[in-house]
Amino acid sequence: MTRALPPALARGLVFLWLVALLLGAVVLGVGLGAVAVPPEAVVRALLGLEENPIVTELRLPRVLAGVLVGAALGVSGAAFQGLFRNPLADPYLMGSASGAAFAVTLFASLLGGLSPAFSQHAVFQHLPLSATFFGFVGALSATLLTLVLAGGVARTGELVLAGVVVGSVLTGLTTYLMMQDADRVRAVFAYTLGNLAFAGWEGVRVLALFFALAFPPLLFLGRVLNALGLGEETAKSLGLPLEALKLLLLGAASLLTASAVAQAGIIGFVGLVTPHLLRRLLGEDYRLLLPASALGGGALLALADLLARTLARPAELPVGVVTTLLGGPFFLYLMWRRRGRA
């Protein structure tokens with residue numbers, strides 16, 4: 001009979017495995033594509049030992065943007081699940097991502113038309129900080145509207161249904177705005193499906209900035225999420241300013257969602273799948289689950305983007321399509337499990 005590992009050692013091994021998976025995803029993502037770059041050449045280019053523009057100027061910023069977007073979605077998904085005490089909550093299903101996409105598209109429209117903004121498939125390259133602010137307002141507003149329509153956080157089925165309705169309406173409004181510029185519809189459509197093809201170093205810097213702003217407060221509030229998991233009354237008994245802290249949690253998670261959507265469009269299910277899988281390995285302690293979701297979400301999206309670039313080579317699939325194809329069955333499995341327990 002084998003002895004179980006001590007819990008602290010087991011959790012440490014999980015984090016080591018996540019770091020190794022993330023590093024492997026980065027090396028594979030940078031090395032594979034239309035032109036393959038050997039792993040040793042990738043490592044030498046990353047270490048600055050030799051020049052390789054394919055690695056440093058084309059693929060590396062795209063892979064790093066994917067890592068940061070995946071980390072943002074993974075962390076925000078874990079935060080939404082803890083805040084709403086709902087294992088099916090994530091930025092995509094809560095309507096938050098659709099709200100951010102609508103607001104960013106509206107931002108481009110208010111600039112004077114969608115043509116110049118979307119000419120390179122990237123509305124956010126012109127005024128990225130302002131675009132992310134619009135996305136933040138849209139994500140936060142959509143989440144609050146979902147909560148109002150659902151009648152509160154405790155009604156799991158209604159919460160998901162309300163999120164789907166809000167997301168569908170906002171997607172329709174986004175499509176209407178896109179149709180005002182019919183010549184660019186294909187480019188805009190690629191953006192809304194989730195696309196990392198035009199991510200550059202500017203996008204990486206913007207994502208890193210907003211992640212650095214939003215992640216530390218969420219990590220600091222991991223104890224609050226743990227307390228909420230025990231129920232509102234238990235959390236209040238700890239003497240915490242619960243309503244203010246919940247608003248801070250909601251704001252930080254919405255900011256991460258907005259920054260991800262502004263740079264890559266709507267990418268579904270990363271925020272749902274990542275926390276669920278890691279919760280099985282690490283338990284319900286959000287002080288561990290949040291950083292693990294950052295690592296896992298980054299690795300998951302980097303690998304999904306690699307599939308998007310190689311499955312239909314020389315063409316590319318939008319990475320949002322790949323994550324939906326992977327995450328959709330996982331979501332149905334979770335719904336089936338919950339119904340079986342009811």
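Me: What share of the contacts in the chain with a separation of 6 or more comes from residues 24 or more positions apart?
Reply: Happy to start there. This is a predicted model, in which local features need pLDDT of at least 70 and side-chain atom pairs count only at pLDDT 80 or more, while totals for chains, interfaces and linings use all residues. Residues are numbered from 1 along each chain as its sequence is written, and side-chain values use heavy atoms, with hydrogens and water left out. Taking contact to mean heavy atoms within 4.5 Å, the share for residues 24 or more positions apart is 76%.

Me: How many helices and how many strands are there in the chain?
Reply: Both are DSSP runs numbered from the N terminus, with helices being H or I of at least four residues and strands E of at least two. On that basis the chain has 15 helices, and the number of strands is 0.

Me: At what angle do helix α1 and helix α13 pack?
Reply: Two packed helices are described by the angle between their axes and the distance between the axes. Axes are lines fitted to C-alpha atoms, for helices over the stretch in contact, and angles run from 0 to 180 degrees between N-to-C directions. For α1 (residues 7-31) and α13 (residues 270-282), the axes are 10 Å apart and the angle is about 145°.

Me: Which residues in α13 do Arg 11, Val 14, Phe 15 and Leu 18 meet?
Reply: Those four residues are the α1 side of the contact. Across both helices, the contact residues divide into 6 nonpolar, no polar and 1 charged; here Ala, Val, Leu, Ile, Met, Phe, Trp, Tyr, Cys and Pro count as nonpolar, Asp, Glu, Lys and Arg as charged, and the others, Gly among them, as polar. The α13 partners are Leu 278, Leu 281 and Leu 282.

Me: How far apart in space are Gly 12 and Leu 282, C-alpha to C-alpha?
Reply: Gly 12 is in helix α1, and its relative accessibility of 31% makes it partly exposed. In sequence, Gly 12 and Leu 282 are 270 residues apart. In space, their C-alpha separation is 9.8 Å.

Me: Where is Phe 269, the residue that has a positive phi although it is not a glycine?
Reply: The phi of Phe 269 is about 75°. Phe 269 is buried, with a relative accessible area of 7%. Its place is the loop between α12 (242-264) and α13.

Me: Which residues are linked with Arg 62 in a network of salt bridges?
Reply: Asp 305 also forms a salt bridge with Arg 309, with the closest N and O atoms 3.5 Å apart. These two are 4 residues apart in helix α14, so about one helical turn separates them. The network links Arg 62 with Asp 305, Arg 309 and Glu 316.

Me: Which residues does Ala 304 touch, not counting residues up to four places away in sequence?
Reply: Ala 304 lies in helix α14 and counts as buried at 2% relative accessibility. Its C-alpha is 8.9 Å from that of Leu 326, 22 residues away in sequence. The residues Ala 304 touches are Val 319, Val 322 and Thr 323.

Note on methods. A salt bridge is a side-chain nitrogen of Lys or Arg within 4 Å of a carboxyl oxygen of Asp or Glu. Buried means under 20% relative accessible area, exposed over 50%, partly exposed in between (1.4 Å probe, protein chains only).
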